[in-house]
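The following exercises are to be worked with the sequence and the coordinates at hand. Each task is followed by a solution in steps.

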Amino acid sequence: AALNAVQPHDWAAFFHERLQTVQPHAPLKGIEDGGWKLVYDGNRPEFYRDNEEMRKIVDLSFSIGLKVKDDDGTITDVMYDGPAQKAGIPPSVKLIAVNGRQFTGAVLREAVKATETKPLELMIKNGEYYETHRIDYHSGERYPHLEQVTGKSDVLSQIIQPRAKK
């Protein structure tokens, strides 16, 4: 009633759609209307580099769907419905080897980059058992970032500009 007093609209349906339903994708229309688009590619943004360094992890969430502690190989997160989960890899296990080589963050990253031409096999230690999992993934490293759309007005940059002090 309060919102309708300001601007008549079907506010109940508006809030129901946005708060009580699940959509298959993130709501990107505002970003796209602002002249930008969400893209995934092999360019790791500085934010990811800094976050990985600070947390001492290898974050391959948007490629094979894993986060791994760089120092000991503990898989700290497995993305729901991602390639690693589909291959049967659970969280909280140790990554021992990548394509037959002892795990290091650099070895894992190198192997993921090569997935366009080579398969990816991870050996994990789950309790006292060792398991090898083949991950069906062929796209190299992927990271999300925004990219400006050529020929569209850059409204988003105008919106996020700091306001001038008065």
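**Exercise 1.** Determine which residues form one aromatic cluster with Trp11, and describe the pair of tryptophan 11 and phenylalanine 14.

*Solution.* Step 1: Trp11, Phe14 and Phe15 make up one aromatic cluster; rings of Phe, Tyr and Trp (its six-membered ring) pair if their centres lie within 6.5 Å, and planes under 30 degrees apart count as stacked, over 60 as edge-to-face and the rest as tilted. The model is predicted: local features need pLDDT of at least 70, side-chain atom pairs count only at pLDDT 80 or more, and totals for chains, interfaces and linings use all residues. Residues are numbered from 1 along each chain as its sequence is written, and side-chain values use heavy atoms, with hydrogens and water left out.

Step 2: The whole structure contains six aromatic pairs. In the pair of tryptophan 11 and phenylalanine 14, the centres are 5.3 Å apart and the planes stand at 80°, an edge-to-face arrangement.

Step 3: Both residues belong to helix α2 (residues 11–19), three residues apart, about one turn of the helix. Helices (H or I, at least four residues) and strands (E, at least two) are DSSP runs, numbered from the N terminus.

**Exercise 2.** Classify the pair of tyrosine 40 and phenylalanine 62, and state which parts the pair ties together.

*Solution.* Step 1: The pair is tilted, because the ring centres of tyrosine 40 and phenylalanine 62 are 5.7 Å apart with planes at 45°.

Step 2: Tyrosine 40 lies in strand β1 (residues 36–41) and phenylalanine 62 in the loop between β2 and β3, so the pair ties together parts 22 residues apart in sequence.

Step 3: Tyrosine 40 is partly exposed at 36% relative accessibility, and phenylalanine 62 is partly exposed at 34%. Here buried means under 20% relative accessible area, exposed over 50% and partly exposed in between (1.4 Å probe, protein chains only).

**Exercise 3.** Is glutamate 52 buried or exposed, and with which side chain does the side chain of glutamate 52 make a polar contact?

*Solution.* Step 1: Glutamate 52 is located in helix α4 (residues 46–55). Its relative accessibility is 4%, so glutamate 52 counts as buried.

Step 2: The side chain of glutamate 52 makes a polar contact of 2.7 Å with that of arginine 109. A polar contact is a pair of N or O atoms within 3.5 Å; within protein, one must be able to donate a hydrogen and the other to accept it, and residues adjacent in sequence count only if both atoms are side-chain atoms.
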